Amino acid sequence: MRYFLGSACLLALLAGCTGADTPTQDIAAPDTTIPAAETPSARNAEKSVYFGDLHIHTKNSFDAYIFNVRTTPDDVYRFAKGESVRHPSGYDIKLGGEPLDFVAATDHGAYMGVLPQMNNPDSPLSKLEISKTMFGTDPELIVAAFNKVGGSVRSGEPFAEIYDRDLIDQTWQDAVAAADRHYEPGKLTTFAGYEYTAVSMRGGNGFEGGNLHRNVIFKDAAPKRLFATLDSTNPENLWDWMDEERKAGRDVMAIPHNSNVSDGEMFAMTQMDGSAIDAAYTQQRLRNEPIVEMTQVKGTSETHPALSPNDEFADFEIYEYLLASQTKSKINGSYIREALARGMALEKATGTNPYQFGLIGSSDTHVAGGAFDESDYWSKVGIIDGTPEMRGSVPPGGAKTWDGVKASDNAEYWFSRWGASGYAAVWAEENTREAIYAAMARKETYATSGTRIKLRFFGGNLSSDLVGATDLATQAGANGVPMGGNLAGDTAPSFIAQAMRDPRGAPLDRIQIVKVWNNEYGMQERIYDMACSDGRTANPTTHRCADNGASVDLSNCSPSTGAGAPELVGHWTDPDFDGSYQASYYVRVLENPTCRWSSWDAMRAGVERHPDRPATIKERAWSSPIWVSAAQ
């Protein structure tokens with residue numbers, strides 16, 4: 001069934017409000033004291049959606065300061081509140097929409113705060129020989145410096161003369177204090193966090209290792225000393241440390257990101273030392289990593305066209321190059337949809353699914369504020385990608401066309417492959433550390449590509465009569481689970497998904513269910529259009545709706561009108577259910593097409609668009625999965 005709901009109705013459902021109409025048509029501060037949390041009376045049992053960013057760098061990261069970033073953790077929180085901050089290229093940046101609801105500054109733990117002191121003439125570190133060639137505005141010098149320090153981080157072997165652990169500890173403690181200082185329960189939730197920047201060298205690519213980065217987020221209290229890759233490059237040792245932190249009363253989780261450039265290592269089928277994955281490994285990984293970052297500026301990690309050849313929307317903001325490299329990452333083991341199937345296979349072998357994770361997005365900005373808006377994009381790094389020419393969206397040297405331009409002439413051409421993504425979204429009772437963290441721990445989260453689509457997803461023994469219920473979370477909870485939950489596989493599950501467009505974004509095209517399972521033939525997947533705009537219904541053979549005809553005028557980036565929906569809701573029961581195997585289901589919501597950021601840059605400059613980059617994109621949101629166990 002597909003329904004169109006009136007705005008008041010779906011807004012009430014998505015915001016956790018009451019008093020909605022029914023379906024009308026069947027269609028497709030200096031004080032460092034941490035503030036007290038809201039009182040229980042302020043909690044909303046139906047929950048509300050909150051948007052945030054849990055992956056942000058400042059000058060305290062070695063690979064931000066090198067690129068002339070001078071913003072601080074305080075600037076991260078100012079940007080999240082809707083204030084403007086200064087970009088290294090000399091202009092102000094600011095959120096285009098509402099302030100964020102939750103946020104974390106997550107500077108690299110390795111060398112945190114060291115680079116600023118190496119460039120401080122009052123610091124003894126500035127007198128070292130290595131410091132004298134580290135800084136400037138010459139791009140070649142900057143990249144050489146990046147590779148020098150980055151090589152140390154990758155190897156786990158510090159430069160002894162600049163590895164000032166007391167300085168790192170103090171910078172970390174200052175970052176924790178900044179998060180506490182800006183925490184405003186009910187308005188802005190801040191978390192202490194940092195990035196653990198591990199790289200796997202198992203793939204044999206020498207300097208160009210596979211990304212195994214994680215952001216480490218503390219619920220509230222944080223230790224005085226963090227655990228970084230200069231302590232160990234093995235994420236399994238990070239999990240050991242996190243387990244000890246939890247025993248000490250400091251709850252913490254790690255959030256992997258950029259699996260797309262992990263060279264097949266992020267979701268490998270062996271432990272780091274090559275040994276078989278056992279029950280202890282699967283339990284520890286699931287305990288420490290309940291969610292993953294599916295999308296960000298350096299690409300979206302949902303799936304790859306080579307893994308999902310029958311998914312016409314799989315080729316979305318794919319970034320395949322190992323970091324700071326022109327070598328492509330291995331595909332298998334690098335994408336989340338495949339990992340869902342691998343996890344079910346590992347559960348059969350060990351009793352626990354280590355890849356039973358929820359989904360979020362975040363930005364990975366290095367300039368204190370994320371560029372989420374395609375029409376107002378400033379990329380990620382700083383001074384070397386802060387203009388259209390430097391990020392490769394307009395021809396170099398003032399040219400009007402790309403005729404005769406080679407990739408090597410196109411600045412650091414991988415910048416043009418990056419995207420304006422993304423947001424973390426959670427459903428929680430209130431905007432506090434306790435509630436937001438609990439939502440992430442139970443995986444009641446979803447990812448977006450930079451749009452603020454509001455999305456709900458429930459599964460279980462759910463009647464279509466629940467569509468339009470103002471207390472849907474309560475009623476669905478009595479007969480099912482929300483996104484991130486688990487169901488028994490005795491009977492075919494039914495699902496309800498609801499989506500409301502971002503008021504600043506495009507109308508909605510469709511809601512899809514992505515089903516993933518694993519059998520004797522390996523990973524299997526099937527995609528069903530669950531609800532479509534404009535009265536369309538899915539073809540019973542292909543399970544897809546026809547295109548709705550929405551388009552974009554590339555001369556001025558204006559979208560067509562008349563197609564798409566402000567809200568979509570669907571009720572769906574798996575017609576191909578087989579209780580003999582486990583399966584996971586997640587929702588993907590697609591908007592009508594809009595101009596990609598590179599098209600906006602070219603249009604405003606009056607030059608030819610990059611011929612090898614998509615002219616338009618379909619912004620989207622992805623729910624955390626719901627898992628259905630095999631029948632007993």
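These legends accompany a set of close-up views of a predicted model.

**View 1. The largest pocket and the residues around its centre.**
Let's begin with the open space in the model: the largest pocket holds about 920 Å³. Its lining is made up of 43 residues, and those nearest the centre are Gly97, Arg452, Asp502, Arg504 and Gly505. Sorted by class, the lining of this pocket counts 18 nonpolar, ten polar and 15 charged residues.

**View 2. Helix and strand contributions to the largest pocket.**
Which elements each supply at least two residues of the lining of the largest pocket? They are helix H1 (7–15), strand E2 (48–53), strand E23 (558–559) and strand E26 (594–595). Of these, E2 gives the most to the lining, with three residues.

The largest cavity has a volume of about 110 Å³. It is lined by 15 residues, and Glu236, Glu265, Met272, Tyr281 and Arg285 are the closest to its centre. Helix H8 (235–247) and helix H9 (279–288) each bring at least two residues to the lining, and H8 gives the most, with three. In terms of class, the residues lining the largest cavity divide into eight nonpolar, two polar and five charged.

Strands E11 and E12 each supply at least two of the lining residues. By class, the lining of the second largest cavity comprises five nonpolar, seven polar and three charged residues.

Strand E11 (residues 291–296) pairs with E13 in the parallel sense, over four bridges.

Is strand E20 (residues 508–519) mostly covered or mostly exposed? It is mostly covered, with eleven of its twelve residues buried. E20 runs antiparallel to strand E25 (residues 583–591), and nine bridges join the two. E20 is also antiparallel to strand E21 (residues 522–532), this time through ten bridges. E20 and E21 form a hairpin, with two residues between them. Trp517 is a handy landmark: its bridge partner in E25 is Ala583, while its bridge partner in E21 is Gln524. As background, strands of a sheet pair through backbone hydrogen bonds, either parallel or antiparallel.

Arg433 sits in helix H11 (residues 433–441). Its relative accessibility is 1%, so Arg433 counts as buried, the cut-off for that class being under 20%. The side chain of Arg433 is joined to that of Asp220 by a polar contact of 2.9 Å.

**View 3. The buried face of helix H12.**
In helix H12 (residues 472–479), which residues are buried? They are Leu472, Ala473 and Ala476. Looking down the axis of H12, these buried residues fall within an arc of 90 degrees, so they line one face of the helix.

**View 4. Asp578 in the loop between E24 and E25.**
Asp578 lies in the loop between strand E24 (567–573) and E25. With a relative accessibility of 33%, Asp578 counts as partly exposed, because that class lies between the 20% and 50% cut-offs. A polar contact of 2.7 Å joins the side chain of Asp578 to that of Ser580. Asp578 and Thr491 are 87 residues apart along the chain, and their C-alpha atoms are separated by 8.6 Å.

Notes:
Residues numbered from 1 in each chain as written. Predicted model: local features only at pLDDT ≥ 70, side-chain atom pairs only at ≥ 80, totals over all residues. Heavy atoms only, no water. Pairing = 2+ DSSP bridges. 1 Å grid on protein atoms, 1.4 Å probe; cavity = no way out; pocket = protein on both sides within 12 Å on 5 of 7 lines; lining within 4 Å. Points joined across faces, edges and corners; volume = space filled by probe spheres on them. Nonpolar A, V, L, I, M, F, W, Y, C, P; charged D, E, K, R; others polar. Buried < 20%, exposed > 50% of the residue type's maximum accessible area, 1.4 Å probe, protein only. Polar contact = N/O pair within 3.5 Å; in protein donor to acceptor, adjacent residues only side chain to side chain. Arc of directions from axis to C-beta.
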